Amino acid sequence: MGRRLILKGGLHAGLALSLPAALGAQESPASLRPKVGDLLVRVDDKALTPLRADDIPIASAQVLAWAMDPVDRTVRSGSRLNRLMLLRFDETGLSASTKSRAAAGVVAYTAICTHTGCDVSDWLPDEGMLYCPCHFSKYDPKDGAMVVDGPAPRPLPALPLAVADGKLVVAAPFTTRVSFDPA
Amino acid sequence: MNMNMRNPHWRSTVAAVLTALSATAIGVAQQRPAVPASLQNYKPVTAERLRKPEDGDWLMVRRTYDGWGYSPLTEITAGNVARLQPAWVVSTGVNNGHEAAPIVNNGVMFVATPGNQVLALDAKSGRILWRYRRELPEDVLNLHPTSRGVALSGEKVFFASGDAVLVALDARTGREVWTTKVEENRNGYYMSLAPLVADGKVVVGTSGGELGVRGFVAAFDLETGKPLWKVFSVPAPGEPGSETWPKGDQWKTGGGSIWVSANYDPDTNLAYWGTGNGGPWMGDQRPGDNLYTSSTIAIDLASGAIKGHFQYHPNDSWDWDEVSPPILVDYTRNGRTIKGLIDVARDGYLWFLERTNGRINFVQGMPFVKQNVFKSLDPKTGRPEIDPEHKPGTGKKADHCPSLWGGKNWPPIAFSPRTRMIYIPANENLCGTSIGAPVSYTAGSRFTGATTTFYVAPGADHIGEVQAWNVDTGKRVWTHPFATSPTWGPMLATAGGVVFSGGTNDRQFRAFDASSGKVLWEFPTNSGIIGQPSSFMVDGKQYIAVQSGWGIDSRGMQTRLNEGSPGNFPEVPEGGAIWVFAVK
């Protein structure tokens, strides 16, 4: 009964509209967005070996990764919105802003398309573009993952990287919110 | 909201609210002080009305259980449709593909839109009576974020939410009566179809064929949402059809999505569902015929048992889901009347079948667009002989017509009993290539293992078509080509001798002469039309209703056409609206 009264009061206070966001915010450490200082591991690496720049093949298809807490080795795989793509390029080919977020030529972006949230799973080797197979949005990883073609409304959020002790680490939170129109 | 989560009072309040709401899900209908008169006098939708609707009503997505998409109203005719004008238009407030039919019950209209939204409107004025919007998790998996419509029963409105939750709303208020989780969205299950209300149940299926799902159809109690039965479109070992999945556990991720609501025969209590392609996409990764993918299955609504099936092609490798179900039409062949099923399939063939109290029999099949994959059909069973040159595989690239989107995708055909013709929104001259790569399954991740290309056949002078075929002769009567656009337009036929459809990238909504195919009227709307048109009557006046709102696959196809011919297939403006037209 007490709970019911509180619920009613909450709804009247306008809480209802912000609740979905509160519910969606995953609060377990595995679901938190990557944090500064997190290491990176391949999505399928059960040994949880921290990735180094040399592990990412140059000018090749994206490597899928999760962030990992460096202390307790919690892999932040609790939300699909945390899925990352890593690519490596010759730094001279990167735009200024992309270069500023790169570490030893490695750039990181969310793997979640900004259109309807599909995984940006394809790589177009001839063009050097990231490609979403759901609705064919095309992103340029060397230029901030800007939208080159297709219905995506905005670039992929980038995750700034650094190198510490030879390993790739997260240098700053995502540049913009990882989200899509969940219509 | 600025909320200090360390404050214990706030924490307990939020925890209590979360607990309460997570149990009932989070749908918030717009609050209104009083129920409008039209809803106070809401006319309950009985089983009898669903079976034999009043001429002026449109109570389910295709109006009748046979799936005809046909209105018996005759006020709007080939003679006066040129005077058709907008009666009202309302913005839906959301972008992306608007595919749902405006459903009308005694002057009250219900429209599902993207954004996981249902609107109730006064069908005569367009006044919004209530708005329901169900919030989705921020990480929802929904590769086709649209709804193809709602279903009605009694004083309830049923809505298949994108996160694979079935919702029953109070038709008078838009408030949730019950919600039931149909499947786990995190594992790739989502819904885009209109529920089917029949045999005293509400029945749905799930999408997710690109994500390694195992498709199914499930029935729920109308009053409580309690699950009644569930039947998979991919059989488990030991079940009939399992011999077509000879290898290991492939059936567990075998696909067979249900994209579109079934058509239904009340006399046999069988509902005919179209099923999606197998997963992953390349057939050589899942040997066998792979029943019941790319098929029609006849499900007994009393028990959920599969009583019959017809597989359009075995071991799909082209992404040819059987998206839309066959319509139920009795037609003649060689002097014999056949209780029929007619299906216009994504594989580019038009299929004439026979329905019984179980088994589905093959009668005739022929291509309705350029098709280079089938060499021939077995004259008795209809099973196609596949040309291996045009069948892609793992590491094997193959060219195929039609393209992965098929000769016709999900948009439904219509049938007029007056002209005895079906009307098909077809895409001619579209081909592509596919090649497979090994893929491993991770729950909720893409599980197709295929890369595709897409192109217009050399020398083609058009793409989209509206085709009319006489069901008794099996011959095409007329074709209207669209020179610079494909079509994604569901069809509406009317007793006034007029056929309506949008579907093209020029935003037009068109009226065709049902007999000749002549364009009698067209009107440019706010966006491209991929919605299912409907027709209804209020106060003795006939109206035509349709949603305009481009997106989903129509937009994807436009993007790929523009890749192949830059500048010639520009973006179509997005943004949804409900249009209602009448002759002034």
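Me: What share of the 183 residues in chain A is buried?
Reply: The model is predicted, and the values are computed from it. A residue counts as buried under 20% relative accessible area. In chain A, with its 183 residues, the buried share is 52%.

Me: How many helices and strands does chain A have, and in what pattern?
Reply: Chain A has 3 helices and 10 strands. Along the sequence they follow the pattern α-α-β-β-β-α-β-β-β-β-β-β-β.

Me: How much of the accessible surface of chain A belongs to carbon and sulfur atoms?
Reply: The accessible surface of chain A comes to about 8000 Å². The part that belongs to carbon and sulfur atoms is 56%.

Me: Which residue of chain A forms a salt bridge with E138(B)?
Reply: Side chains of opposite charge can pair when their charged atoms come close. For E138(B), the closest N and O atoms of the pair are 3.0 Å apart, and the cut-off is 4 Å. E138(B) sits in the loop between β7 and β8 of chain B, and its partner in the loop between α2 and β1 of chain A, so the pair joins two chains. The partner is R33(A).

Me: Is R33(A) buried, partly exposed or exposed?
Reply: Buried means under 20%, and exposed means over 50%. R33(A) has a relative accessible area of 24%, so R33(A) is partly exposed.

Me: How far apart in sequence are the parts tied together by D163(B) and R134(B)?
Reply: The side chains of D163(B) and R134(B) meet in a salt bridge at 3.4 Å, N to O. D163(B) lies in the loop between β9 and β10, while R134(B) lies in strand β7, so the pair ties together parts of chain B that are 29 residues apart.

Me: Are D163(B) and R134(B) buried or exposed?
Reply: The cut-off for buried is under 20% relative accessible area. Both D163(B) and R134(B) are buried.

Me: Which residue meets D472(B) in a salt bridge?
Reply: The N to O distance is 2.8 Å. D472(B) lies in the loop between β31 and β32, and its partner in the loop between β27 and β28, so the pair ties together parts of chain B that are 52 residues apart in sequence. The partner of D472(B) is R420(B).

Me: Which residue makes a polar contact with the side chain of T504(B)?
Reply: T504(B) is found in the loop between β34 and β35 of chain B. T504(B) is buried, with a relative accessible area of 1%. Beyond four places away in sequence, T504(B) touches residues including F482(B), R510(B) and W550(B). The polar contact, at 2.6 Å, is with D506(B).

Me: Are the rings of F536(B) and Y543(B) stacked, tilted or edge-to-face?
Reply: The structure holds 34 aromatic pairs over all chains. The rings of F536(B) and Y543(B) have their centres 5.2 Å apart. Planes under 30 degrees apart count as stacked. Here the planes are at 15°, so the pair is stacked.

Me: What is the relative accessibility of F536(B) and of Y543(B)?
Reply: F536(B) counts as buried, at 0%. Y543(B) also counts as buried, and its value is 6%.

Me: Over which ring does the charged end of K230(B) sit?
Reply: A charge must be within 6 Å of the ring centre and within 35 degrees of the ring normal. The charged end of K230(B) is 4.0 Å from the centre of its ring. That ring belongs to F216(B).

Technical notes: Residues are numbered from 1 along each chain as its sequence is written. Chains are lettered from A and ligands numbered from 1 in the order in which they are written. This is a predicted model: local features need pLDDT of at least 70, side-chain atom pairs count only at pLDDT 80 or more; totals for chains, interfaces and linings use all residues. Side-chain values use heavy atoms; hydrogens and water are left out. Helices (H or I, at least four residues) and strands (E, at least two) are DSSP runs, numbered from the N terminus. Buried means under 20% relative accessible area, exposed over 50%, partly exposed in between (1.4 Å probe, protein chains only). A polar contact is a pair of N or O atoms within 3.5 Å; within protein, one must be able to donate a hydrogen and the other to accept it, and residues adjacent in sequence count only if both atoms are side-chain atoms. Contact means heavy atoms within 4.5 Å. Accessible areas come from the Shrake-Rupley method with a 1.4 Å probe; for residues, only the protein chains shown count as cover. Rings of Phe, Tyr and Trp (its six-membered ring) pair if their centres lie within 6.5 Å; planes under 30 degrees apart count as stacked, over 60 as edge-to-face and the rest as tilted.
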